[in-house]
Amino acid sequence: MADMDGDGRYEIAVGSWDGRMYVWDDRGGLLSGWPVTVADQIISSAALVDLDEDGLLDVVVGSKDGKLYGWTAKGEPLGGFPYALGAPVFSSPWVGDVDGDGLADVVVGADNGIHILRDVGPLGRADWPMFRRDAANSGCVRP
């Protein structure tokens, strides 16, 4: 859950066993461009972070088809995605800067091990950048 499209309201991004990634607005309507379809179930939670420097949050999520997908807030594929990991992905990706170079890295587990994808794009805004959301461990979003 995050303000993906910059309208000041929160959207909800959810993968499904029907092989689709959905993004709903705060009124329950699908955002334009969603859902998108992949080859198998999406069981992992999505990471929501700006990877294309447009100020909008993008979606990064793994699938049972062995790929890590990335889409813009409008449901369009992000450059360089998907990444073929060679085994089903059930864990949720973490997107951050592992090596301090200012570029986004992705860490995600698949059935064949842990993958670190380096320099997948610029590292921009993330509404929920760490476990329990912030340094105070609030674990919630307050308007």
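How exposed is arginine 20? Arginine 20 is partly exposed, with a relative accessible area of 35%; the classes are buried for under 20%, exposed for over 50% and partly exposed in between, computed with a 1.4 Å probe and the protein chains only. The model is predicted: local features need pLDDT of at least 70, side-chain atom pairs count only at pLDDT 80 or more, and totals for chains, interfaces and linings use all residues. Residues are numbered from 1 along each chain as its sequence is written, and side-chain values use heavy atoms, with hydrogens and water left out.

**Stop 1: the salt bridges**

The term stands for a side-chain nitrogen of Lys or Arg within 4 Å of a carboxyl oxygen of Asp or Glu. Aspartate 18 is partly exposed as well, at 38% relative accessible area. By this rule the model has three salt bridges. Side chains of opposite charge can pair when their charged atoms come close.

Next, select arginine 9 and aspartate 26, whose side chains form a salt bridge of 3.4 Å, N to O. This pair links distant parts of the chain, 17 residues apart: arginine 9 is in the segment before β1 (12-15), and aspartate 26 is in the loop between β2 and β3 (36-37). Strands here are DSSP runs of E with at least two residues, and helices are runs of H or I with at least four; both are numbered from the N terminus. Arginine 9 is partly exposed at 35%, and aspartate 26 is partly exposed at 43%.

Now go to arginine 118 and aspartate 99, where the side chains meet in a salt bridge of 3.2 Å, N to O. Arginine 118 lies in strand β10 and aspartate 99 in the loop between β8 and β9, so the pair ties together parts that are 19 residues apart in sequence. Relative accessible area is 44% for arginine 118, which is partly exposed, and 38% for aspartate 99, also partly exposed.

**Stop 2**

Three bridges join β8 to β9 (residues 103-110). To see two residue pairs, pick tryptophan 94 with its bridge partner valine 107, then glycine 96 opposite aspartate 105. Six residues lie between the strands of this hairpin, and glycine 100 takes a positive phi near 70° there.

Moving on, β9 and β10 are joined by seven bridges. A hairpin of two residues connects them. Valine 108 stands opposite histidine 115, and alanine 110 has glycine 113 as its bridge partner.

**Stop 2: a nonpolar surface patch**

Switch to a surface view and select Trp94, Val98, Ile114 and Ile116, which make a nonpolar patch of about 410 Å². Patches are made of residues with over 30% relative accessible area and no salt bridge, with like charges joined within 9 Å and nonpolar side chains (Val, Leu, Ile, Met, Phe, Trp, Tyr) within 5 Å; accessible areas come from the Shrake-Rupley method with a 1.4 Å probe, and for residues only the protein chains shown count as cover. Isoleucine 116 belongs to β10 (residues 113-122) and is partly exposed at 45%.

**Stop 3: the sheet β4-β5-β6-β7**

Four strands form an open antiparallel sheet in the order β4-β5-β6-β7. At its edges are β4 (47-49) and β7 (83-84), each with a single partner strand, so one side of each is left without a neighbour in the sheet. β5 and β6 pair over four bridges; select valine 59 and its bridge partner tryptophan 71.

**Stop 4**

Note on methods: Two strands pair if DSSP finds at least two bridges between them.
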